[in-house]
Amino acid sequence: MTFQPNNSAPPVTPASKELYSPSRPKERGWGNQHTPIVQAKSVTGSSLVVVISIMCFLASLTAGGVYLINQSAAAWTDNIASEVTVQISINRTENIEDKLSKISFFLTNQPGITGVRPLPLDESADLLEPWLGDGANLKDLPIPRLIAVELDRESKPNLDKLRSDIKKNFKNATLDDHRRWQSQIQTVTRSMALAGLAVLILVGLATTAVIVSATRSAMSSNREIVEVLHFVGATDRFIAREFERHFLSLGIRSGLVGATGSLIVFIFMPFFMRVLGGSNMTSAEVRRLLGTAALDLPGFILLGIVVVVIAALCMLTTRYGVYRILNSQHH
Amino acid sequence: MIRLENVALRYGRGPEILRDVNFHLRPGSLHFLTGPSGSGKTSLLRLLFMSIQPTRGLIHLFGQNVTRITPSRRADLRRRIGIVFQDFRLLDHLSTWENVALPLRVTGKKPNDYQEDVTDLLQWVGLGERMYALSPVLSGGEKQRAAIARAVIGKPELLLADEPTGNVDPQMARRLLRLFIELNRLGTSVIIATHDHQLMQQFQAPRLELHDGRIHQVG
């Protein structure tokens with residue numbers, strides 16, 4: 001029997017087409033494209049994509065939420081720091097409006113003050129309405145009167161001296177520079193940032209654990225391929241790269257899905273709250289807490305960073321995992 | 001080129017497959033490795049290919065002791081060795097062309113750099129029309145030729161072949177042997193493990209005979 005290679009080749013029919021490599025070159029040029037040595041479907045299944053997408057969604061949501069709260073807190077403290085309030089307790093024997101005018105006049109003539117605005121009684125009553133309700137006739141109550149004092153941001157006055165001058169010159173009048181508030185806001189935002197960081201660390205650890213397990217299973221299902229690669233002289237670095245490129249792609253795809261999901265949540269959060277039964281007050285409160293609850297450019301960049309970190313985590317965990325497994329096989 | 005000193009091999013707690021194996025092969029030599037089934041031919045080739053470690057003794061390849069070697073150094077040395085496995089070890093999802101090109105691909109070269117070489121070699125081994133076929137649709141003989149092409153594409157300094165003509169017809173067997181001899185003339189050392197006495201008679205070459213785990217050089 002003589003060897004006839006052409007006759008022994010089965011014809012290419014549509015049915016057998018899938019048995020032919022998709023990388024068949026056009027004309028004579030191969031280009032520089034390779035069929036992947038390790039197939040994507042043997043490494044990253046759809047369930048893994050779902051899990052990593054959820055991880056990235058949680059990470060983006062946390063990072064974006066902490067960013068918004070920090071932004072709002074910074075805006076609050078900035079506003080509070082540039083404004084102080086003089087509070088005058090009611091004394092039935094005094095003409096309160098007259099006293100308000102005198103204190104306002106005094107304040108206007110102090111250095112470092114750019115604006116003085118005595119709050120009308122209605123406005124002072126409105127401030128108490130969330131706590132006392134609108135049913136009570138607030139104007140009949142001895143509500144302390146307030147003067148909003150705007151400070152010069154460039155050259156602020158000596159608040160301690162101003163406080164003692166007011167105390168000395170006007171009975172029942174005190175200056176509140178909102179230090180307690182500022183300190184509370186800072187404590188709250190710092191706690192939220194720490195909680196967010198803890199969530200991010202947990203998400204990172206969970207992602208790492210999932211990727212380690214997936215790498216182990218991918219190496220196991222591609223054991224023969226790894227053996228052949230070793231036989232033809234592939235280095236561990238080359239083999240690791242064959243795996244990590246799939247996990248990098250998985251990280252980017254899942255990261256984008258997760259980040260987009262969180263973005264949708266940020267955009268529609270006030271709407272969701274109304275749908276879920278919250279009143280308009282709820283969305284107003286969210287606005288008060290998170291500002292407009294809309295991300296600005298640095299916020300978008302932060303979500304982009306989350307995607308990059310998740311993708312890098314997937315890739316580097318795989319590289320380390322492959323090295324570890326290959327190392328254990330060498331010894 | 002190859003030097004084995006008192007090499008022994010056993011798998012786990014089993015009996016010694018090889019014992020007191022001593023031989024020295026010069027660069028550019030061609031040897032047949034013979035012996036009955038189970039005599040340890042494949043194990044000896046695996047030792048030479050550094051896929052297993054000897055239980056005792058020393059193996060020197062290209063002037064280096066390979067019994068203690070780092071993974072990256074082993075990869076470097078393997079690029080200087082071509083191996084043909086009895087069970088071919090082709091990757092099913094790659095075309096014949098890509099399987100043959102694999103040793104060049106792992107060195108980081110681009111397909112354009114070796115396109116002509118791979119295509120010419122596949123034509124030479126009679127797989128010109130099967131270049132784009134995936135491994136599962138190749139016949140046993142075609143797989144064997146693809147495996148041989150993969151082993152020689154990198155112009156190795158040492159070629160190890162385990163029953164390389166077991167699945168091809170006599171004419172193709174002679175043709176492949178001529179390829180090995182041609183490579184040998186170009187300076188490649190060749191060790192061919194085979195049962196094919198007819199072939200050994202046709203191509204006179206020294207033999208390494210394995211009996212009872214020991215090796216005897218003949219010719």
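User: What percentage of the 219 residues in chain B do buried residues make up?

Analyst: First, the ground rules. This is a predicted model: local features need pLDDT of at least 70, side-chain atom pairs count only at pLDDT 80 or more, and totals for chains, interfaces and linings use all residues. Residues are numbered from 1 along each chain as its sequence is written, while chains are lettered from A and ligands numbered from 1 in the order in which they are written. Now burial: a residue is buried if 20 or more other C-beta atoms, placed from the backbone, lie within 10 Å of its own. In chain B, 47% of the 219 residues are buried.

User: Which secondary structure elements are in chain B?

Analyst: Helices are DSSP runs of H or I with at least four residues, strands are E runs of at least two, and both are numbered from the N terminus. Chain B has seven helices and ten strands. Its radius of gyration is 17 Å, close to the 17 Å of the globule rule for 219 residues, so chain B is as compact as a globular protein of that length. That radius is taken over C-alpha atoms, and the rule is 2.2 Å times the number of residues to the power 0.38.

User: Which residues have the most contacts inside the largest nonpolar core?

Analyst: In soluble globular proteins, nonpolar side chains tend to be buried together. A nonpolar core is a set of buried Ala, Val, Leu, Ile, Met, Phe, Trp, Tyr and Cys residues joined through C-beta atoms within 7 Å. Here the largest has 112 residues, and A:Ile310 and B:Leu160 have the most contacts inside it. Helix H2 (residues 46-81) of chain A gives the most to this core, with twelve residues.

User: What is B:Leu160 in contact with, leaving aside its neighbours within four places in sequence?

Analyst: Contact means C-beta atoms, placed from the backbone, within 7 Å. The partners of B:Leu160 include B:Leu45, B:Phe49, B:Ile83 and B:Ile191.

User: How many bridges join S1(B) to strand S2 (residues 16-25) of chain B?

Analyst: Strands of a sheet pair through backbone hydrogen bonds, either parallel or antiparallel. Two strands count as paired if DSSP finds at least two bridges between them. S1(B) and S2(B) run antiparallel, joined by six bridges. B:Ile2 has B:Leu25 in S2(B) as its bridge partner. Five residues lie between the strands of this hairpin, where B:Gly12 takes a positive phi near 60 degrees.

User: What else does strand S1 (residues 2-10) of chain B join?

Analyst: Five bridges join S1(B) to strand S4 (residues 56-61) of chain B, again antiparallel. Opposite B:Arg3 stands B:His60 in S4(B).

Note on methods
A residue is buried if 20 or more other C-beta atoms lie within 10 Å of its own, exposed if 12 or fewer, and partly exposed in between; C-beta atoms are placed from the backbone. Two residues are in contact if their C-beta atoms, placed from the backbone, lie within 7 Å.
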